[in-house]
Amino acid sequence: MKYDLIIVGGGPAGLTAARFAAEGGLRTLLIERKADLGDGHRSDASIFYWKFIVPDEYIEPVSVELFTGKSLVDVGNDKVIIRFTFLGPGFSVDYTGPIVPYYNFINLSPSGYRVYSIKNDLWGFFYSRDCILSSLAQAVDKANVEMWTSALVTRVENTADGVRVTVREKGGGRVVEGKRLLACDGVNSTVVESLGLNKDRKIFRTAKAVNLIMQNVRADADIPDNNSWLSFNIPSISSGGITMSPYATRNDDNLRQIGCSDEAALEKFMNHPRYRHWFAHASVVRKLAWAAYQRIPTISNPAIGNTLIVGDAISQESWIQGAIACGYQAAKATIKEMSGQPGYAEYTSWLHRAFAFFCYPEHFKLKAMHHILRGIYSDQEIDSIYKTLEDTGETGHPPFLVAQNPAIISKAGQSLYDKVAGRIADINRLALKGWG
């Protein structure tokens, strides 16, 4: 059998694409290496952005609506359904899971000095990755998509009239053919590798994350941690930073998610003299982890023969909401292509409008600025910088506050000023080469 469309990858992009392709009349096959499409046992920020703290990734507006009714699914103590409407592309997806609004983004130094990136202003929501995947998977099932799970795609080839896909399963291997293919298999995409698109894309780092889901974490009484994203900059523990945020479940367990790139660093953080009392009665209820090779540059032309590259396979960090938008647009583009219309060209044009890594010439410079205070300062120096920023009362992301006005930290010492000025000069030079 030759399918109209083969989709590789059952994450947010692949599930969304499968649903809308099938609803559009395409005979669709979804291939996923996991056994359970709704199994999201990986570390994830789980942020749905209402507004961005910095120009970052998917930038089209999305609305959030909450509905209640007797026929809807129980979420916590209420019967609630959340509808995310993607205003640019013009479609909606429903989500039946917990949601928590973020009103604050608070940056903390080793000694506890605080700088607010956002204060008392709605900027995003926590939502469950597991639940959104389950909601998307249910929609795929209703659309009668054929699914192969526990199936690993090892090779993809463009042919004269379609694609040929080699699949490895527990019982052996097989080859399947389709007219078109969507590569929705993430940063370490097998499809992208098979098509030779990584030839000139160097690996610039291995990204890792470990999140501990904990109960009975008790922050200082004056920190509104139940609706805040907390970011800790403690160089002696982690050069990549440590985060803490709410982790809601349907049972409203009052959990917190503590994240870092290294589990040993998290242990040190929980024993840090300034913060260890937060964890005196805490316990771990779940551990999530994730690792991937991240490549640059972004794939600027995602249409290769009969294959279209989608979501994180194009670049890193399209985020779940960006991946969902990509999946929808890729499905619509494929339907158009198969009816003789320029769907791929329209999809590419949309990508270049909808994502920061295409829209902003200085995107990688901004990404580098995000880390300007990491890796070059001691704990004491970070304390001095954050105290200076706290005293000014300014609201903003600390690296950008410093990068936009380096003189602001000259009060904290000439050596600190010299370090940041040198780092800004390095970033400007690197940005001229096209990466941060």
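**View 1. Alanine 323 and its contacts.** Alanine 323 touches Pro12, Ala13 and Ser318, not counting residues up to four places away in sequence; contact here means heavy atoms within 4.5 Å. Alanine 323 sits in helix 5, where helices (H or I, at least four residues) and strands (E, at least two) are DSSP runs, numbered from the N terminus. With 9% relative accessibility, alanine 323 counts as buried; buried means under 20% relative accessible area, exposed over 50%, and partly exposed in between (1.4 Å probe, protein chains only). Glycine 186 is 137 residues away from alanine 323 in sequence, yet their C-alpha atoms are 9.6 Å apart in space.

A note for all views: this is a predicted model, in which local features need pLDDT of at least 70 and side-chain atom pairs count only at pLDDT 80 or more, while totals for chains, interfaces and linings use all residues. Residues are numbered from 1 along each chain as its sequence is written, and side-chain values use heavy atoms, with hydrogens and water left out.

**View 2. Helix 1 against helix 5.** Two packed helices are described by the angle between their axes and the distance between the axes. For helix 1 (residues 12–23) and helix 5 (residues 319–338), the angle is about 35° and the axes are 7 Å apart. Axes are lines fitted to C-alpha atoms, for helices over the stretch in contact, and angles run from 0 to 180 degrees between N-to-C directions.

**View 3. Helix 1 beside helix 2.** Helix 1 also packs with helix 2 (residues 129–142), at an angle of about 20° and with axes 8 Å apart. The two helices are therefore roughly parallel to each other; angles under 35 degrees count as roughly parallel, over 145 as roughly antiparallel, 65 to 115 as roughly perpendicular and the rest as oblique. On the helix 1 side, Pro12, Leu15, Thr16, Ala18 and Arg19 take part, and their partners in helix 2 include Arg129, Leu133 and Val140. By class, the contact of helix 1 with helix 2 has eight nonpolar, one polar and two charged residues.

**View 4. Inside the largest nonpolar core.** This core has 75 residues, and Ile6, Ile31, Phe84 and Tyr347 have the most contacts inside it. A nonpolar core is a set of buried Ala, Val, Leu, Ile, Met, Phe, Trp, Tyr and Cys residues joined through side-chain atoms within 4.5 Å. Helix 5 gives the largest share of this core, nine residues. Leaving aside neighbours within four places in sequence, isoleucine 31 has contacts that include Ile6, Val8, Trp148 and Val176.

**View 5. Two loop residues with positive phi.** Most residues other than glycine have a negative phi. Asparagine 144, however, has a positive phi near 60°; find this residue in the loop between helix 2 and strand 12 (146–148). Asparagine 144 counts as exposed, at 68% relative accessibility. Serine 150 has a positive phi of about 50° and lies in the loop between strand 12 and strand 13 (152–159). Serine 150 is partly exposed, with a relative accessible area of 28%.

Key
Ala, Val, Leu, Ile, Met, Phe, Trp, Tyr, Cys and Pro count as nonpolar, Asp, Glu, Lys and Arg as charged, and the others, Gly among them, as polar.
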